[in-house]
Amino acid sequence: MERAVPHAVPLGQMEVFQALQRLHMTIFSQSVSPCGKFLAAGNNYGQIAIFSLSAALSSEAKEESKKPVVTFQAHDGPVYSMVSTDRHLLSAGDGEVKSWLWAEILKKGCKELWRRQPPYRTSLEVPEINALLLVPKENSLILAGGDCQLHTMDLETGAFTRALRGHTDYIHCLALRERSPEVLSGGEDGAVRLWDLRTAKEVQTIEVYKHEECSRPHNGRWIGCLATDSDWMVCGGGPALTLWHLRSSTPTTIFPMRAPQKHVTFYQDLVLTAAGNSCRVDVFTNLGYRAFSLSF
Amino acid sequence: MSSESSKKRKPKVIRSDGAPAEGKRNRSDTEQEGKYYSEEAEVDLRDPGRDYELYKYTCQELQRLMAEIQDLKSRGGKDVAVEIEDRRIQSCVHFMTLKKLNRLAHIRLKKGRDQTHEAKQKVDAYHLQLQNLLYEVMHLQKEITKCLEFKSKHEEIDLVSLEEFYKEAPPDISKAEVTMGDPHQQTLARLDWELEQRKRLAEKYRECLSNKEKILKEIEVKKEYLSSLQPRLNSIMQASLPVQEYLFMPFDQAHKQYETARHLPPPLYVLFVQATAYGQACDKTLSVAIEGSVDEAKALFKPPEDSQDDESDSDAEEEQTTKRRRPTLGVQLDDKRKEMLKRHPLSVMLDLKCKDDSVLHLTFYYLMNLNIMTVKAKVMTATELITPISAGDLLSPDSVLSCLYPGDHGKKTPNPANQYQFDKVGILTLRDYVLDLGHPYLWVQKLGGLHFPKEQPQHTVIADHSLSASHMETTMKLLKTRVQSRLALHKQFASLEHGIVPVTSDCQYLFPAKVVSRLVKWVMIAHEDYMELHFTKDIVEAGLAEDTNLYYMALVERGTAKLQAAVVLNPGYSSIPPVFQLCLNWKGEKTNSNDDNIRAMESEVNVCYKELCGPRPSHQLLTNQLQRLCVLLDVYLETDSHDDSVEGPKEFPQEKMCLRLFRGPSRMKPFKYNHPQGFFSHR
């Protein structure tokens with residue numbers, strides 16, 4: 001008995017190559033357009049695809065509505081991080097950050113507005129930019145990645161104002177503490193560092209892996225994700241996902257998850273978190289028990 | 001009494017009338033000499049009117065007398081008799097008058113009649129004359145018109161026009177002075193001239209006929225001469241055969257082939273012509289030949305009466321044997337199937353020689369009732385090949401040409417109309433018969449010029465030369481590439497089965513000098529087994545694991561780590577790369593679903609295959625991929641982050657030079673090898 005094969009079209013060289021590409025594709029970053037109708041996604045081949053959320057989520061959505069509206073090659077390397085301002089889409093990957101106009105992208109005119117590279121110390125290998133953070137009050141952009149530094153760039157002038165050093169290994173993620181303008185960064189070295197933007201100095205360091213309750217040595221010590229609510233912070237990765245009280249730098253709740261977490265965010269009173277290699281988005285309350293999971 | 005007496009008297013009177021008439025006549029006769037009494041003449045003299053009056057008076061008198069007699073008789077008396085007698089005599093006289101008058105009347109009548117008669121006769125005679133004359137007039141008129149209408153034969157002849165006549169005719173015929181004035185003479189002259197001309201032309205005609213006869217005879221003679229030449233030429237050709245062979249110019253052989261080719265069915269003929277042309281023009285390594293029985297091919301076109309006779313004979317035979325053995329339904333169906341799948345007795349053989357002296361033998365058949373072509377393939381190498389176990393299917397005749405073009409697996413008939421024919425005899429698909437009949441690939445149909453539009457059965461699909469020509473070059477090239485890549489794989493498999501990954505010297509730069517992981521096993525697995533593996537689900541869902549592909553399992557080991565690689569080899573290797581799916585057993589089972597680095601390793605081998613192709617014709621792709629897999633395993637094991645909680649040294653010390661161990665949010669290992677610096681970095 002023959003099994004039904006999903007593809008009836010004979011696969012030539014081009015089709016096989018495209019299928020293989022799709023199988024090995026990783027989407028690293030995403031960003032919603034300022035109008036809220038479009039979603040930009042960046043993958044490991046350096047391409048950015050724009051999807052129409054309104055079409056895909058509408059009641060008359062067909063297969064074609066779930067395909068990208070426009071796809072373009074943005075970077076040579078993977079697109080690790082993207083943010084949107086009210087008019088621009090900023091994407092960063094291998095060493096440089098590029099800016100695109102949302103209005104132009106939607107009209108399929110995909111030319112970058114500008115590209116900037118922070119001043120790197122080493123020239124042997126171009127470090128990647130893993131995280132982008134917008135500081136709306138200063139109208140600046142913070143980049144952090146492979147060279148273990150946080151760079152701030154003024155969005156108007158494009159000049160790099162500060163470089164915050166302190167991490168001993170590359171930085172994974174950034175979070176903004178709004179009330180006192182502080183930036184939190186989590187890195188491969190296992191530490192979460194808080195930086196004061198005005199003084200450009202490191203204010204606080206939390207070495208997560210050193211705390212026995214949350215460390216998981218078999219996973220490593222790296223911090224993959226950070227989210228902060230000004231008083232509270234959630235971080236996870238190699239160590240378990242933990243809720244910290246920032247002033248006292250003590251872990252309060254440890255969320256029972258097995259896999260290393262890649263993304264976390266605060267939503268009202270809940271914590272939403274997703275692991276990279278499971279199909280679930282878990283929703284927890286602040287008290288530490290899992291309320292429910294959203295599953296693909 | 002009186003009436004009786006009158007009656008008596010009448011005849012008397014008459015008699016006596018007669019007698020006196022005679023008497024009168026006699027008197028008239030006697031008076032003829034002198035004067036005769038002619039009553040006729042008297043008639044003319046008397047007046048008829050007076051006679052009529054006299055008659056009336058006489059009648060009156062008679063009546064009076066009769067009345068008086070009556071009176072007297074009635075009175076009676078003696079003197080009556082005398083008065084009666086007196087009166088009687090008076091009445092007799094009156095009677096005499098009456099008689100005379102009667103006579104006169106008769107004579108008048110007669111005269112009148114005679115006169116009328118005479119006049120009538122005259123009129124008749126005139127009438128007759130008139131008619132005669134009229135008749136004659138009419139007759140004469142007719143004659144006149146006849147004469148007027150008379151056309152002489154000479155008017156039907158198309159005579160030359162007057163001007164021409166005067167120009168051409170010699171003066172003794174045309175006699176211009178005479179004929180000009182006299183149309184009659186002119187016509188005569190013209191007729192003369194016509195006659196002259198006709199005589200001359202008749203002469204000419206006879207001459208030409210005799211000429212023609214002569215020439216025909218000459219032609220006959222020459223023809224005979226030419227036909228006597230043919231056998232002599234044949235004998236010269238025969239004699240020149242050894243010379244041809246010596247000079248490598250096999251004209252005769254080619255000629256014979258063309259002779260045989262005339263009996264080929266149209267698609268095979270197209271293939272033969274196009275292949276020969278291509279071979280002569282572009283590719284000297286291609287040779288074409290025709291095999292099979294020409295007589296059988298000729299027998300196919302026997303006239304129907306013969307076959308009907310055969311049928312009736314065989315029917316008679318069948319009837320005889322019916323009692324003993326009835327052919328079962330299955331046997332009948334079988335026969336029908338055989339009939340439907342019958343091949344044309346002639347087939348075309350193509351031999352493709354490759355660079356390394358291996359030859360691909362292709363035999364093309366034509367299935368007459370289905371109107372499709374099939375091919376059987378065989379690869380012959382210069383030296384005898386020892387087939388490694390895993391390479392069993394590589395060069396097998398069944399699969400060596402599978403999917404030459406994407407999707408062309410050759411298991412289904414390309415002619416949509418065949419489905420209806422199959423239904424009649426209970427054939428499900430052609431797949432069951434391909435081993436015997438050959439594969440009906442689509443490119444084979446195209447080489448034969450047969451084009452079947454998809455899903456629409458057409459009644460007649462005729463062989464088209466242009467279709468064949470446009471596909472010939474590509475197909476031949478693909479065939480050669482296919483054979484060579486299969487032979488290369490064949491060799492490589494032999495080496496792989498011994499655990500050696502044969503990397504050629506011009507591909508060494510892709511890999512570091514030291515590779516510790518080793519290939520320990522290389523086997524072929526079945527399609528179903530591949531589908532059952534738990535780490536190949538993605539490939540299966542993407543539709544890349546079809547039953548036309550070949551599947552292998554490789555095992556790479558280093559220390560305690562065992563890496564299983566399931567390989568999908570597409571028949572279109574090496575333009576379509578092999579696809580690897582990995583499963584690592586070391587500190588737990590890691591596949592692409594739970595370890596991003598395994599995924600990255602797969603990506604290095606599957607997606608970045610173009611770097612591994614090596615020099616054209618990129619036969620090194622598979623071996624390079626395997627070697628890279630070994631290198632990747634080395635990197636993976638050596639860059640494993642050390643777990644502080646576990647005691648003891650790392651199993652695999654890091655020997656590879658890497659700039660950074662982890663990069664990016666997914667914390668990838670550095671899998672990319674940089675040449676010639678020799679360090680590993682990230683993509």
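Contact here means heavy atoms within 4.5 Å. The structure is a predicted model, in which local features need pLDDT of at least 70 and side-chain atom pairs count only at pLDDT 80 or more, while totals for chains, interfaces and linings use all residues. Residues are numbered from 1 along each chain as its sequence is written, chains are lettered from A and ligands numbered from 1 in the order in which they are written, and side-chain values use heavy atoms, with hydrogens and water left out.

Leaving aside neighbours within four places in sequence, Thr413(B) is in contact with Ile372(B), Asn418(B), Phe422(B), Leu430(B) and Pro440(B). Thr413(B) sits in the loop between β4 (372-380) and α14 (418-425) of chain B; helices (H or I, at least four residues) and strands (E, at least two) are DSSP runs numbered from the N terminus. Thr413(B) counts as buried because its relative accessibility is 10%, where buried means under 20% relative accessible area, exposed over 50%, and partly exposed in between (1.4 Å probe, protein chains only). The side chains of Thr413(B) and Asn418(B) are joined by a polar contact of 2.6 Å. Such a contact is a pair of N or O atoms within 3.5 Å; within protein, one must be able to donate a hydrogen and the other to accept it, and residues adjacent in sequence count only if both atoms are side-chain atoms. The Thr413(B) side chain also reaches the backbone nitrogen of Asn415(B), at 3.3 Å.

The loop between β4 and α14 of chain B also holds Cys403(B), a non-glycine residue with a positive phi of about 55°. With a relative accessible area of 8%, Cys403(B) is buried. In chain A, Ser249(A) likewise is not a glycine but has a positive phi of about 55°. Ser249(A) lies in the loop between β19 (242-245) and β20 (250-254) and, at 22% relative accessibility, counts as partly exposed.

Helix α14(B) packs with α13 (residues 329-340) of chain B at an angle of about 160°, their axes 9 Å apart; axes are lines fitted to C-alpha atoms, for helices over the stretch in contact, and angles run from 0 to 180 degrees between N-to-C directions. The two helices are therefore roughly antiparallel (under 35 degrees is roughly parallel, over 145 roughly antiparallel, 65 to 115 roughly perpendicular, the rest oblique). Leu333(B), Lys336(B), Arg337(B) and Met340(B) of α13(B) meet Gln421(B), Phe422(B) and Val425(B) of α14(B).
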